Amino acid sequence: EELEIHPGAYDPVNDIDENCVNDAPVYSGFIPDRIWHEDETLENAFNLNDYFSDREGDLLDYDVEGNIHIDVLIENGLVSLIPEENWHGSEHVKFTASDSEFTVKSDDVVFVVLNVNDNPVLEDIPDIKAVEGQLVKIIPVASDIDRDSLKYTYSQPFNSKGEWQTQLGDVGIKMINVTADDRNGGVDSQEVEVEVLPKLII
């Protein structure tokens, strides 16, 4: 018996697919949203082959649109997500699958990168030399990527303003701890050598 092939048909006859027309890839949905922390990479977060398929078994070419601050790497369907350094926020993206003739899109997929507090960074504070009886000041400079208001603290004998009024007899070397605190759990500390020299009396 002669087998008739009908272009565009979807029902198989004798286990043979009669469809002679290339079909568009199929998106089965839905790709779950992803939430993770700032400065983290989600490697192989999910596989697009789990959400897209092709009736003819064609190899699909994947792409993404809508991402600005998150680098989306796709390799053999595996998706890795790399946000910009120190960036946090959300982005809505769509994935596309193409068989070289037809392209289909996914629904919106939301990527949320949560804020993580970054430590302040103290600039290098040089060692200090002073003569007994002088007022010694430490003026620290620090940066904070989160733009937090910084509080500086100093170990004794320096006061809360970073000052020490030396007296006669204070000759010697002291190691002073200077700390920058962003009041959100982030700190940076540095030890400063302060040497008090004897006052020469002529």
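A: Let's start with a term we'll want later. On a 1 Å grid over the protein atoms alone, a pocket is an open set of points where a 1.4 Å probe fits, with protein on both sides within 12 Å along at least five of seven lines, and its lining residues have an atom within 4 Å of a point. Grid points are joined across faces, edges and corners, and a volume is the space filled by probe spheres set on the points.

Some housekeeping next. This is a predicted model, so local features need pLDDT of at least 70 and side-chain atom pairs count only at pLDDT 80 or more, while totals for chains, interfaces and linings use all residues. Residues are numbered from 1 along each chain as its sequence is written, and side-chain values use heavy atoms, with hydrogens and water left out.

The overall picture: the protein chain has zero helices and 20 strands, where helices (H or I, at least four residues) and strands (E, at least two) are DSSP runs numbered from the N terminus. Of its 202 residues, 33% count as buried, meaning under 20% relative accessible area, with exposed being over 50% and partly exposed in between (1.4 Å probe, protein chains only). Among contacts (heavy atoms within 4.5 Å) between residues at least 6 apart in sequence, 61% join residues at least 24 apart.

Now the core itself. A nonpolar core is a set of buried Ala, Val, Leu, Ile, Met, Phe, Trp, Tyr and Cys residues joined through side-chain atoms within 4.5 Å. The largest one here has 22 residues, and F52, F95 and F111 touch the most other members. The elements giving two or more residues to this core are β7 (61-65), β8 (70-75), β9 (78-83), β10 (89-98) and β12 (109-114). As background, nonpolar side chains tend to be buried together in soluble globular proteins.

Zoom in on F111. Leaving out residues up to four places away in sequence, F111 touches R34, W36, F46, I70, V72, L81, G89, S90, E91, V93 and F95.

Two strands pair if DSSP finds at least two bridges between them. β4 and β12 pair in the parallel sense over four bridges, with I35 standing opposite V112 in β12. β10 and β12 run antiparallel and are joined by five bridges; there, V93 has V109 in β12 as its bridge partner.

Back to the pocket. The largest pocket has a volume of about 150 Å³. Its lining is made up of N49, L59, L60, D61, Y62, I74, N76 and G77. Those residues divide into four nonpolar, three polar and one charged, where Ala, Val, Leu, Ile, Met, Phe, Trp, Tyr, Cys and Pro count as nonpolar, Asp, Glu, Lys and Arg as charged, and the others, Gly among them, as polar.

A few loops deserve a look for their backbone. Most residues other than glycine have a negative phi, and most peptide bonds are trans. In the loop between β9 and β10, N86 has a positive phi of about 65° although it is not a glycine, and N86 is partly exposed at 26% relative accessibility. R147 has a positive phi of about 60° and is not a glycine either; R147 is in the loop between β16 (142-143) and β17 and counts as exposed at 79%. The peptide bond from G29 to F30 is cis, with omega near -15°, and F30 lies in the loop between β3 (26-27) and β4. Q156 and P157 are also joined by a cis peptide bond, with omega about 10°, and P157 sits in the loop between β17 (151-154) and β18 (163-165).

Finally, there is a second, separate core of 13 residues, including A130, I176, V194 and V196. In strand β20 (residues 187-197) you'll find S189, partly exposed at 39% relative accessible area. S189 touches L122, N177, V178 and T179, again not counting residues up to four places away in sequence. S189 and L122 are 67 residues apart in sequence and 7.2 Å apart in space, C-alpha to C-alpha. L197, also in β20, is partly exposed at 31%. Leaving aside neighbours within four places in sequence, L197 is in contact with A130, V131, E132 and V171.
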